[in-house]
Amino acid sequence: MELFEYLPQVFSGWNIAILILGTIFGIILGATPGLSPTMAVALLIPFTFQMDATSGLIMLGVVYTATVAGGAVSAILVNIPGAPANIATMLDGHPMARNGRATEALHYCFISSGVGGIIGVLVLILFTPMLVNFALQFGPAELFWTAILGVTVIGSLGSSSVLKGLLAGAFGIWISLVGMNPVSGTERFVFSEHLQGGITIIPALIGLFAIPQILQMVETAKRGRQGTEFAMEQRPIIHSLIYNLKRVRSLTIGSTIGSLVGLIPGAGGQIAGLIAYDQNKKFSRNPEKFGKGEPDGVITSESANNSMVGSSLVPMLSLGVPGSPTAAVLLGGLLIQGLFPGPDLFRDHADVAWTFMGALLVSQVLLVAGGLYLASFSKYVIRIPKQYMAAAVAVLAVFGTYSVQNSFSDVIIMVSLGTMMYFAMRWGFSPGPVVLGIILGPIAENNFLQGQMIAEATVGMGTYFFTGTINIILISFCVVSVVYSIVAEFRIRARRRQDEQTAQGGQA
Amino acid sequence: MNSSHLRHRITAVATVVVCGLVVWASFAPDTPTGYEFPQVVSLSMLGIAVFLMLLAFKPGARVTGGEEEPVPWGAVWPLLAILFGFLLVSETLGYFVSSAIAFFLIASIYSPGRFSWARVIRVGAITLAFMAALYLIFVVVLNVQVPEGVLF
C-alpha cells in the first residue's frame, strides 16, 4: 500500500513539527468560543504559501481536525459550542461539568475524538483511491456536472433555506467569473481597478468567514463573559481511557455515522454529531439519562464529529466536491498550491496526497495526547475576552490577505465581501455555498467551455451534456438533493410553525 | 403584517433587485463571446430569486421566527467604521501603525465596563505585544513587505 511508502515523510523534521504545533494550536483555537474551524483554516491559508504543498496541506488538515475536537472544550465548560459540530457534545458534556465531572468529560471528548478520527481517516485512505479510479472516466461534461453538484448539494443541504443556499452558491459562481474573460482574454465585470485581478480564493475565504465572525463576536462582547464556568476536578487519565475504550457501542455508532455523514457532500459535523447522539440514545438501555450528564452522549457525538473530518475529505480529494464547508476551504488551500483534486493528484503528486493522509492518521494520536495534556489548562483558553479575539482576528485577516500577493486590492475585496456577507447572513444566507461557488465556478466554466467546443464539433450540446450514464447520475443527484432539501425545508417550517403555535397557546 | 413578514418580503425584493443587476451586467456587453456561462448563471439566480419573492408574497404565507434577523447597528457600526477607516488610512499611515490603532480601538470600545485609565494602559500594552508578535511572524519570519506609510 502506498501509504506505508510515504509514511516516513510524515516524521521528517519539518512535518512532525507542523503536526505537533498544528495540533496544539488547533485545540486552543477550537476551544476559544467564537472561533470556528472553518475560519481558523481560512486564516491559516496565507501561511501555507511559505511552505511546500505537503507541509501546507498537513498544517490545514491537522488544524481542521484539532479545532473540531477543541470546540468541545467550551461546549463542556461554558455551554457554548466552539463549533457547530460540538452542539451534540454540549447536551451531556455541560451537565457532566455541572455535576463536578468537567475533567472526565474533557478526557472522553479527546479520547473519543481520537478513536473516531482514526476511523474517519481509514475511510479516507480506503475509499479515496477507489473514487479516484472512478473519476478517470470523467470528461469535461462530467466535471462540469460534478462542480454543479458540489454547489447544489452544499447550497441545499448546508443552508437553512434551500432557495437561499442555491442563490448563495450561484452568486459565488458569478463573482468567481469577475476578472478575465477566458475566451477573448479581455477584462470581464471589472467595475473598479481593484477587481482587475478578479476575486481570488484567499481574500474571499478570509473575508467571508472572518469578517462576519468578528462582527458577531462584538455583538455580545460588551456583555462580558457569558455562560457558567465550572471548576475542574482531578482525575487520572488512565481511568478515563479504560472506561472510554470499553464503551464500544457508543464509539461504533458515533464513528460509523460520522464517517457516513462525512461522505455526503455538504452535510458537515453538526449533522453527524446530532444523528449519532440520537441513534445512541435510541439504542441505549438508559435513554432517560441522556441530556443529564451521560458520558455516552459525549463519547458518541465526539467520535462522530471527528470521524466526519476524515471522510469529508474523500469526495474532496477524489472528485473535488468537499464534504463540509471546512473541507471547501481546504480545497481552496489545495488549488492555490497548484494541485487539482482527482486522478492527477494521485498520479502526479502521489507523495503529497499520501503523506497528507498519513499525517492525518498520525495527528489523531497527537490529538489524544495533546488534548488530554491541555485539558487541565483549557479553563484559561476560554477566558480570552471576545474584544481581544475580534481585534486580533481583524488584524490577522488584513495581514494574512495582504501577504499572499502583496496586494492592497485584495484587502479591500476581503473587507468588502466580508461586510456584505455579514448583512447577507442576517437575511438568512450562508457563507459556505458562496465560498464553494467561488472555488468551483472557474472549474465549472472551463469544463463548460471545453465541453462546448467538443460538443459543437461532434454530437451537439444537448447530447454531450445530458446523455451518458455518469452525466445522468450526476444530474439526478443534483435534482434529488434539491428536491429532498425542499421537502425537508417544508417539513421543518411546518414543525416550527406548530411549535410557535403551541408556545403561543401556552402563553395565552 | 408583523415585522418578521415585512423583513422577509424586503429581503425577497432586495434579492430580486441584486439578481436583476447581475443579469443586467451579464447581458450588457456588446460582444457575447465569453459571457455565455455568466449569463446562464445570472438567469438561474434571477429565476430562484423570483420564486423566493413569489413565496414571500403568496397570500397567507407564514414566516417563522429567525429566518431573517435585524442588524444590531448599535453594536456593529463602530467596528465597521474602524474597518473602513483602516482601508482609508493604512496606505498613508502604514500597515503597522494603522493596524495597532485598529486593534486598540476595537479592544477599547468593546471592553465591558466603564472607561478607566488602567484599562487604557492594559489594552495599550496588549496591543503593543500583539503587534510585536505580528511583526515577528510576518516581517522577520515570512519576509512580507507590508506598506510603510509616513509613520511605520
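Analyst: A polar contact is a pair of N or O atoms within 3.5 Å; within protein, one must be able to donate a hydrogen and the other to accept it, and residues adjacent in sequence count only if both atoms are side-chain atoms. By that rule, six residue pairs, both residues at pLDDT 80 or more, are in polar contact across the interface of chain A and chain B. The model is predicted, and local features need pLDDT of at least 70, side-chain atom pairs count only at pLDDT 80 or more, while totals for chains, interfaces and linings use all residues. Residues are numbered from 1 along each chain as its sequence is written, chains are lettered from A and ligands numbered from 1 in the order written, and side-chain values use heavy atoms, without hydrogens and water.

User: Why is the pair Arg426(A) and Glu69(B) called a salt bridge?

Analyst: The closest N and O atoms of Arg426(A) and Glu69(B) are 3.7 Å apart, and because the term asks for a side-chain nitrogen of Lys or Arg within 4 Å of a carboxyl oxygen of Asp or Glu, the pair qualifies. The count between chain A and chain B is two salt bridges.

User: What makes up the area buried between chain A and chain B?

Analyst: Buried area is the accessible area (1.4 Å probe) that two parts lose on being put together, summed over both; here that area is about 5,800 Å², of which carbon and sulfur atoms give 76%. Tyr388(A), Phe399(A) and Arg426(A) supply 13% of the area that chain A buries against chain B, more than any other three residues.
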